[in-house]
Amino acid sequence: MEKFPQFVVFLVAAAFLGSLSVVLVLFWVLHWKGGLAWDQGLLEFNWHPVLSVIGLIFISGFGVIIYRLPWTWNRSKTLMKYIHAGLNIVTFVLLVISLVAVFDFHNSKKIPNMYSLHSWVGLAAVIMHTLQIVLGLCTFLLPCTPTFIKTLYMSVHVGVGLFIFGMSVTAAEMGITEKLIFSLRPGSNTTLPYSQSPPEAILVNTLGVFILLFGGCILWIATRPEWKRPPASIKESVGSEEGSILNKTNVSAETNNENVAEGTARSTPLNLEDVGQRSTF
């Protein structure tokens, strides 16, 4: 792999920033938002940011770059496809739970649904993520799918996947800001409004910065051509090369033997007596 030290730096940064994002969103809802529950109230709503960050940001992000980890290149491509699909399916399950939580909360409190830009972008990302899973499973994991369809759809699958991840980061940024504006508005039970940067606002703004940097690291790793998974593993390439050399050697030896035999036959003098004896029998 070219520029391997740079790859390690970006990968470690992504793991560090992603882990911190998960820790901060959990600390936010447990310390300032009362915790987690399934009670059709604010505690149920808290599942929405937690599961969204864990699923649509952290797990989905590493699902994007799973093929680019050089430690997996000696594994079969089929196994990596199943791992990639599994990560995205786990993300889908977490997203469904997070959406149920937020719609259940809104309906119980008579709050309108789907009126903000955050909800539009977020729901669009979820729908596209779902379609991406279905089309990916049908295209790359069904044995009956023709190879030319897999080849044609590959670039679309990769491009749409990166776009969905970008949408997810955007929706997360808008969502946490929207939640701060609603919960830290003037006249609420909080000590300071959002405009005066209370500790909760500083923490959540920091969470937004970490999510943004994590997304940048993932997209950088996913778009560098020098960090792309090779077409085949080194072992398979070496084995094919050795087999090719062995085949060429065998073919060459057989050809030489045939040439020698043919040359010997041509150079052997014709014995007229033998011919005459054979003709008399």
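How many residues does helix H5 (residues 117-141) have, and how far does the helix reach from its first C-alpha to its last? Helix H5 has 25 residues and reaches 35 Å, close to the 36 Å expected at 1.5 Å a residue.

This is a predicted model, in which local features need pLDDT of at least 70 and side-chain atom pairs count only at pLDDT 80 or more, while totals for chains, interfaces and linings use all residues. Residues are numbered from 1 along each chain as its sequence is written, and side-chain values use heavy atoms, with hydrogens and water left out.

The secondary structure of the chain comes to nine helices and zero strands; helices (H or I, at least four residues) and strands (E, at least two) are DSSP runs, numbered from the N terminus. Of the 281 residues, 36% count as buried, where buried means under 20% relative accessible area, exposed over 50% and partly exposed in between (1.4 Å probe, protein chains only). Contact means heavy atoms within 4.5 Å. Among contacts between residues at least 6 apart in sequence, 74% join residues at least 24 apart.

Two helices can be set side by side. The expected span is 1.5 Å times one less than the number of residues.

| Helix | Residues | Length | Span, first to last C-alpha | Expected span |
|---|---|---|---|---|
| H3 | 47-64 | 18 residues | 24 Å | 26 Å |
| H5 | 117-141 | 25 residues | 35 Å | 36 Å |

In H3, 13 of the 18 residues are buried, so this helix is largely enclosed by the rest of the structure. The buried residues of H5, including His118, Gly122, His129 and Phe140, pack against H3, H4 and helix H6 (147-183).

The largest nonpolar core has 35 residues, and those with the most contacts inside it are Trp28, Leu207, Ile211 and Phe214. Helix H1 (4-32), H3, H6 and helix H7 (199-223) each supply at least two residues of this core, and H7 gives the most, with 11 residues. Such a core is a set of buried Ala, Val, Leu, Ile, Met, Phe, Trp, Tyr and Cys residues joined through side-chain atoms within 4.5 Å.

Ile97 lies in H4 and, at 35% relative accessibility, counts as partly exposed.
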